[in-house]
Amino acid sequence: MEAQAQGLLETEPLRGRDEDAVASADFSSMLSDEEREELKAELVQLEDEITTLRQVLSAKERHLVEIKQKLGMNLMNELKQNFSKSWHDMQTTTAYKKTHETLSHAGQKATAAFSNVGTAISKKFGDMRRK
């Protein structure tokens, strides 16, 4: 009999239409007056606990702001710190290192090429003056 009873219980979570059916079902008629009163008392207790938790969270957030102000931390400083950390993290990646190395090498080659062009132009101007 127990095996049959277990077969009746679903192990899958409720989905879409199932949730709607459960939400629209009226179970209050299945509850005794005593159960109904217990559930109402539990509901009131849960609402009170939620209100208390919200108040505690709000107080902690205010305290956090006060501490940050005392430490001289403001939104701009936090943004600067986040940017600095992100920039540092990016610079330590392999892709950044390879790109930096490639661009640095290309920059050196370009500098040498411009230097050679500059030298050639200077030489041409020197030759033109002498003529």
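Is Lys68 buried, partly exposed or exposed, and what is its relative accessible area? Lys68 is partly exposed, at a relative accessible area of 24%. Here buried means under 20% relative accessible area, exposed over 50%, and partly exposed in between (1.4 Å probe, protein chains only).

## Basis of the model

This is a predicted model, in which local features need pLDDT of at least 70, side-chain atom pairs count only at pLDDT 80 or more, and totals for chains, interfaces and linings use all residues. Residues are numbered from 1 along each chain as its sequence is written, and side-chain values use heavy atoms, with hydrogens and water left out.

## Overall fold

The protein chain has five helices and zero strands. From the N terminus, the order is α-α-α-α-α. Helices (H or I, at least four residues) and strands (E, at least two) are DSSP runs, numbered from the N terminus.

The chain has 131 residues, and 1% of them count as buried. Accessible areas come from the Shrake-Rupley method with a 1.4 Å probe; for residues, only the protein chains shown count as cover.

## Helix α3

Helix α3 covers residues 33-70. It has 38 residues and reaches 56 Å from first C-alpha to last. That is close to the 56 Å expected at 1.5 Å a residue. The expected span is 1.5 Å times one less than the number of residues. Gly72 follows α3, and its phi is positive, near 75°.

An α-helix has 3.6 residues a turn, so residues three or four places apart point the same way. Asp33 is exposed, at 60% relative accessible area. Arg36 is partly exposed, at 25%.

## Salt bridges across the structure

The whole structure holds four salt bridges. The term means a side-chain nitrogen of Lys or Arg within 4 Å of a carboxyl oxygen of Asp or Glu. Side chains of opposite charge can pair when their charged atoms come close.

Glu78 and Lys68 meet at 3.0 Å, N to O. Glu78 lies in α4 and Lys68 in α3, so this pair ties together parts that are 10 residues apart in sequence. Glu78 is partly exposed, with a relative accessible area of 25%.

## Helix α4

Helix α4 spans residues 75-91. Its 17 residues reach 24 Å from first C-alpha to last, close to the 24 Å expected. At its start, a side-chain oxygen of Asn74 comes to within 3.1 Å of the backbone nitrogen of Met76. Polar contacts are pairs of N or O atoms within 3.5 Å; within protein, one must be able to donate a hydrogen and the other to accept it, and residues adjacent in sequence count only if both atoms are side-chain atoms.

Lys85 and Asp89 form another salt bridge, with the closest N and O atoms 2.9 Å apart. Both lie in α4, four residues apart, about one turn of the helix. Lys85 is exposed at 52%, while Asp89 is partly exposed at 34%.

## The aromatic pair

A search of the whole structure finds one aromatic pair. Trp87 and Tyr96 make it, edge-to-face, at 6.1 Å centre to centre and 75° between the planes. Rings of Phe, Tyr and Trp (its six-membered ring) pair if their centres lie within 6.5 Å; planes under 30 degrees apart count as stacked, over 60 as edge-to-face and the rest as tilted. Both partners are partly exposed: Trp87 at 42% and Tyr96 at 23%.

## Helix α5

Helix α5 runs over residues 94-130 and includes Thr111. The Thr111 side chain reaches the backbone oxygen of Gly107 at 2.8 Å. Thr111 is exposed, at 54% relative accessible area.

Val117, Ile121, Phe125 and Met128 form a nonpolar surface patch. Together they have about 410 Å² of accessible area. Phe125 lies in α5. Patches are made of residues with over 30% relative accessible area and no salt bridge: like charges are joined within 9 Å, nonpolar side chains (Val, Leu, Ile, Met, Phe, Trp, Tyr) within 5 Å.
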